[in-house]
Amino acid sequence: MVNTSRRQASRKTPAKPRSKKKPAGVSARGVVVLVATRKGAWLYHGDPARKTWRPSGPHFLGHIVHHMVLDPRDGRTLLAAAKTGHLGPTIFRSTDFGRTWKEALKPPAFAKPPDGASVAARSVDHTFWLTPAHGSEPNVWYAGTSPQGLFRSEDGGVTWEPFSIINDDAKYREWMGAQQDGTPDGPKMHSIIVDPRDPKHLYFGMSSGGVHETRDGGRTFAPLIGGMEVVEGFDKSVITYHDPHCVVMCPSNPDRLYQQNHCGIYRLDRPSTTWERIGRAMPAKIGDIGFPIVAHPYDASTAWVFPMDGASVWPRTSPGGRPAAYVTRNAGKSWKRLDNGLPARDAWWTVKRQAMASDMRDPVGLYLGTTSGQVWMSRDEGEKWSCLASHLPEIYAVETALLR
Amino acid sequence: MKVLIPSPLLSYTRTNRVEAEGATMAALLLDLDRQFPGLRFRVIDEQDRMRPHMRFFVNGKQVYDLGLELRPDDSVHIVQALSGG
C-alpha cells in the first residue's frame, strides 16, 4: 500500500483527509481499461504496476460503440451498447471479458404510445449510457438512450424495459426538446447515478433537458437545476435550455455531486438544491467549458476536468491546441493544470463526456480517450501522463475496472 | 420465398440467401426474426418503421409499406443504403 501521508506531503496543495476507506489489497490488483469507439471496442488488461497493457480487440469492428461497462458487483458481466451506420441499436453481453458475446434478446426500445396519446412515437437511435444498479440489486442495470429515454434490465442486460414515467410523460417530453435541442449526434440521456445508500434514489442528466432526481425508485422525478446557467439570452427557468454534459457523484461522499455543463463547472452539496459554479476559479484563458468530469474515488474534495474550446463556433478542441486536464483538490476553490507528458502544442483533439475515467488504485490512475484515437493514462492522479494506445478510431467512452 | 440478406446481417443468418415465408412484408420479417432472433429490430424500429439506412426491394422494386402483400414466388432483397464513413 502506498504511504498516503508521504504522497500528500509531496503535493503543493495538501489534500483534505479522505473519508472513504480503500478496499484491502486494492493496489495489488490489475486494471482493465474498456475503450468504446466509433468503429468498435477494445479492452486493455494492465499488470498490477499499470505499466504494461495487453490489448484485446477489435470487438465489433465497424460498430459504433457508445459505452462499455463491467459490472463491479460480479466482476465479470460486461455490457456494450452498439449500433452500426445501417443497423438499429442493440446491447451485447459478455461474461468472459469479450472472448464471447451474446446479443440482448430485447434491447432498449420505446413503447408504442396508446391511441390518442399526446406525445409522438419515438424509436431509440442508440443506447448512450449504461449504469449498473445498486449493490443490493444484482443483475439490475439502467440504460440511457438517444433520444432521451430511461430503461432498466433485471437480468444482467438480456432484456430491457422502459423505466419510470419519464419516457412518455408530456412534461418530460417537452423538457427533452426536439432533435435540434440535442447534441449533433442526437439528444442524450446520460449520467445515470445510483445512490449507494438507497437504490430508489437516482439522478440523471439530459442534453438537453437538465439534471433530474427521484427518491422513490422512478415513480416520480423532479428537476434539479437551481444555480445552473444557460446560454446567454435564454431563460434559465426553462428546463429544455439546460445542458449538463456530465454529472458524477463522489464515491466517498454521495451527498456531493460535480457537474461539467455546457455553461460551466458546478458542485452540489445535498441537501442543497443549488449548484455552485466552481468553474469560475478556472484560468480565464482556459474557461470552464468541457465534457467530462471525474470525481476522486476516495477524496470528495478532488475532481478532474478536461477543458475544451467553447468559443465562437465551439471548435470542441483543446484550448490553443495544448491539451491539459485540470484538478481541484479543494472542492472547486482553485484548479491546477495537469499537462506533464501530454503534447505541449499543436494537438487539436479533445475528450468526450464518457471518455475520462479513474481507477480505484492508490495513487488513483486517470485515463483519457481522445477524439483522435489515443488513450492516455496517469499513474499518479494526473501529475504525469503517458500514451497507452494510439491509432484507434475516435474514442467515445473509457471506463475502468479492477481485476479480481 | 427467397430473401437476399445484406452483409451487416450475416452475423445473424451466416449466409446471404435464406428462405422465409409470409403473406406480407411484416409477416416475412417476423418469420426472419423467428429463424434469426434479433434480426428484425436491427432493420425495423419499435414503431414498425423501416430504419433510415435500410432498403427493401420486392422483385426489383423498392417498397416502403410493411403491409404489402407477398406471393410465395416473390424475391425479396434487403439492402443497406449509404450511411457515411
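Predicted model: local features only at pLDDT ≥ 70, side-chain atom pairs only at ≥ 80, totals over all residues.
Local features require pLDDT of at least 70 and side-chain atom pairs pLDDT 80 or more, whereas totals for chains, interfaces and linings use all residues. Residues are numbered from 1 along each chain as its sequence is written, and chains are lettered from A in the order in which they are written.

Chain B contains 3 helices and 5 strands (DSSP runs of H or I with at least four residues, and of E with at least two, numbered from the N terminus). Their order from the N terminus is β-α-β-α-α-β-β-β. The C-alpha trace of chain B spans about 35 × 25 × 25 Å along its principal axes. Of its 85 residues, 27% are buried (20 or more other C-beta atoms within 10 Å of the residue's own, with C-beta atoms placed from the backbone).

Between the chains, 16 residues of chain B are in contact with 14 residues of chain A (C-beta atoms, placed from the backbone, within 7 Å). Helix α3 of chain B, residues 39-43, gives the most to the side of chain B that touches chain A, with 3 residues.

Methods:
Buried ≥ 20, exposed ≤ 12 C-beta atoms within 10 Å, placed from the backbone. Contact = placed C-beta atoms within 7 Å.
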